[in-house]
Amino acid sequence: MLFKDIIIAKRDGKTLSPKEISVFVDGLANGDLPAEQIASLAMAILLRGMSADETGLLTRAMAASGTMIDWAGVNLSGPTVDKHSTGGVGDKVSFILAPVLAACGAFVPMISGRGLGHTGGTLDKASAIPGYDPFPGLDVFKRVVRETGAAIIGQTSDLAPADRRLYAIRDVTGTVESIPLITASILSKKIAAGNQGLVMDVKVGSGAFMAGLADAKALALSIIGAAQAAGLPVTALVTDMNEVLGETAGNALEIAESVDYLRGDRREPRLHEVNLALAAEMLVISGLAASATEGREKAERALSSGAAAECFGRMVAALGGPGDFLERSQDYLPGAPVRVPVPARESGFVTAMNGRAIGGAIIGLKGGRAALDDVLDLSTGFSGIRPIGSAVEAGAPLAFVHAADDSAASRAIAEYQAAVTIGGEASAPGPTAPNPPAPNPVVHPRLDRTDFASQ
Ligand code: URA
């Protein structure tokens, strides 16, 4: 079978056979397929789509393309559970949720990815912690999960290697925003990691891959369907990504905000709401809470008692980071030489934010990749981000840019200003509105397999 014929079949809108899907996945995993053919098929899938059966087959084949972790012999005293975000800007939730769940008795073996398109990657953020080894090998990964309750690592070459190759190529070929490809990418890693439950955080809005609620819901249902076919219990929340989540966007800056959050120094309300909602779902799906209300209470206790912060500190140290990272993160994280305000061009209220453009500005600062092998500057990005609904005076800071030099800072300022809309009136408050109010609910209703079945 010529691989070109598989590309042509999908280009012409045909359904790929199990054999064709397995040829694709084998070629991805063993490196035989050249990047141009992979990119062509990815583009054909993006344009033509895949049926639920094709997506399920692709997912399972990608999961089985490498090692499938079995936790049975590791003697964990609780369930394994994970959450995964479909990607956003300023989304540092993993660094908070994993230790919260660990503090509540779950085990979180989290395989994360690097930045994709305009979105930031958990793996890149973790790399900002000096000494932290995001590729520790399977034995160390298992030991750290057992001893500290959580380990956030990167996708090693033996875990879902087919996704690893496809992910990197999609990132630079405009083929990210495909529901079947996102579904297979996310779930293959989660299935290979041996999770017993998964909660999906499906982002919707200007900073997400799915800009509209209908597409986000379709993605959530695609993931639920494919997970169900693979026997992985899953629920999904659709959460707002019409603005940066939290006060920072950029690798080291987001780690600093996560540490502050865990220590209780600052908890941006939208970030807090998303965290608690996801933590509650994870505790329910793993059987550690009888209801979302009980799950929320447990998560809040894990935060207020300091137990979650302690778990984070132990995880960082166990993966090679500083033993006192929690206490002295600012001494360890890389700082950018230039830090200047982004002045508002006029007075009024922040009424909208183009998350994708802000993600693009971070790529311009070298905080994200424009090409496959780009080396990141982990110190760059934005802090002090004023949320939608904020009243601003002309010339007052909308945010602060962290850049390598003055010219990069000037470009980022212009891009940030263009990405933010200032209007005469504040938007209407939403149900989970922080003060000042956000225009949209942060968390939409949850979706589970009954929603999938009713489609
Ligand atoms: N996260 C992933 O792991 N894969 C995608 O395709 C998108 C988000």
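**Close-ups of a predicted model**

Eleven residue pairs are in polar contact between domain 2 and domain 3, counting pairs with both residues at pLDDT 80 or more; a polar contact is a pair of N or O atoms within 3.5 Å, where, within protein, one must be able to donate a hydrogen and the other to accept it, and residues adjacent in sequence count only if both atoms are side-chain atoms. This is a predicted model, so local features need pLDDT of at least 70 and side-chain atom pairs count only at pLDDT 80 or more, while totals for chains, interfaces and linings use all residues. Residues are numbered from 1 along each chain as its sequence is written, and side-chain values use heavy atoms, with hydrogens and water left out.

**View 1. Where domain 2 meets domain 3.** Here 28 residues of domain 2 are in contact with 27 residues of domain 3 (heavy atoms within 4.5 Å). Together the two domains bury about 2000 Å², 56% of it on carbon and sulfur atoms; buried area is the accessible area (1.4 Å probe) lost on putting two parts together, summed over both. On the domain 2 side, His118, Glu243 and Leu253 supply 23% of the area buried against domain 3, more than any other three residues.

**View 2. A salt bridge between Arg369 and Asp124.** The side chains of this pair meet at 3.0 Å, N to O. Domain 2 and domain 3 have two salt bridges between them (a side-chain nitrogen of Lys or Arg within 4 Å of a carboxyl oxygen of Asp or Glu).

**View 3. Around the ligand.** A polar side-chain atom of His84 sits 3.2 Å from a ligand oxygen atom. In the side chain of Lys189, an N or O atom is 2.5 Å from an oxygen atom of the ligand, and Ser185 has a side-chain N or O atom 2.6 Å from a ligand nitrogen.
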